[in-house]
Amino acid sequence: GVMEGLIERYSGRTVLVLGAHPDDGEVGAGGTIARLTRAGARVLLTAVSAPKDLEKRAAEARAAAEVLRAEPLLLVNDRPCRLEDLKTSELVAQLDALVCEYRPAALFTHARDETHWDHFLLSRAVLGSMRLGPCEVFLFNNTVHRNPCQAWRPNLWIDITSTIGVKLEAIAAHESQFGARGKDTSVFREVARTHGRAPGAPYAEAFEILRLNG
């Protein structure tokens, strides 16, 4: 359902948004991030790695985070790499260190059934970090063109009508992934409009609740 008070729940607390690559968090939860920061939450907009063009991708991530008023963080920042280049133990250790350092009240990351392999690997690794504390966990799905047979079942919608413009601006900051490739970011407005039908809002983001305390 639509949880009133979810945004205010994290005011004055730390929220960790974890994407495989720069732009994943913005696509999956950019509108929610903007609402959280504007309500007084500290949001760490984290990407594990950039597969190539490391400096450019990192600069774009900083620009996008600034738009959302979040703090950018790139875990593997010394070389371009894919998640599958990392040992699972190495990835889990990085995530464990992150959770232990920041003690987030909530964590947003990729859904478990995403078809993108790097997204899937990250989602599996995050499940391991859940043992470290009572962090609430929400999953987003970045695959715009989904196979309708797959079991993505969101059960939480957050109204992002007030921040849809900010979300699109943050996504557009990743120029190398969208503008430079001739990809139109307006598709994300349509996705948000579609998600808005469930809560009856002009625009929303959808999540699957993996863990909610009380």
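**Stop one: Leu122**

Select Leu122 and show what surrounds it: leaving out residues up to four places away in sequence, Leu122 touches Leu18, Gly19, Ala20, Val48, Leu83, Leu91, Leu95, Thr109 and His110. Contact here means heavy atoms within 4.5 Å. Leu122 has 0% relative accessibility, so it counts as buried (buried is under 20% relative accessible area, exposed over 50%, partly exposed in between, with a 1.4 Å probe and protein chains only). Now pick Thr88 as well: it sits 34 residues from Leu122 along the chain, and their C-alpha atoms are 9.2 Å apart.

A quick word on what you're looking at: this is a predicted model, where local features need pLDDT of at least 70 and side-chain atom pairs count only at pLDDT 80 or more, while totals for chains, interfaces and linings use all residues. Residues are numbered from 1 along each chain as its sequence is written, and side-chain values use heavy atoms, with hydrogens and water left out.

**Stop two: helix 5 and the sheet**

Leu122 belongs to helix 5, so named because helices (H or I, at least four residues) and strands (E, at least two) are DSSP runs numbered from the N terminus. Select residues 117-129 to see helix 5 lying across strand 1, strand 4 (106-110) and strand 7 (204-211), at about 150 degrees to strand 4. Angles run from 0 to 180 degrees between N-to-C directions, and axes are lines fitted to C-alpha atoms, for helices over the stretch in contact.

Next, colour the strands: 7 of them form an open sheet with mixed pairing, in the order 3-2-1-4-5-7-6. Two strands pair if DSSP finds at least two bridges between them. Which strands stand at the edges? Strand 3 (71-74) and strand 6 (156-159) do; each has a single partner strand, so one side of each has no neighbour in the sheet. Zoom in on strand 1 (residues 14-19) and strand 2 (residues 42-47), which run parallel and are joined by 6 bridges. Val15 has Val43 in strand 2 as its bridge partner.

**Stop three: helix 3 and helix 6**

Select residues 54-68 for helix 3 and 164-172 for helix 6: they pack at about 170 degrees, axes 8 Å apart. The two helices are therefore roughly antiparallel (the label for angles over 145 degrees; under 35 is roughly parallel, 65 to 115 roughly perpendicular, the rest oblique). Show Ala64, Val67 and Leu68 of helix 3 with Val166, Glu169 and Ala170 of helix 6 to see the contact.
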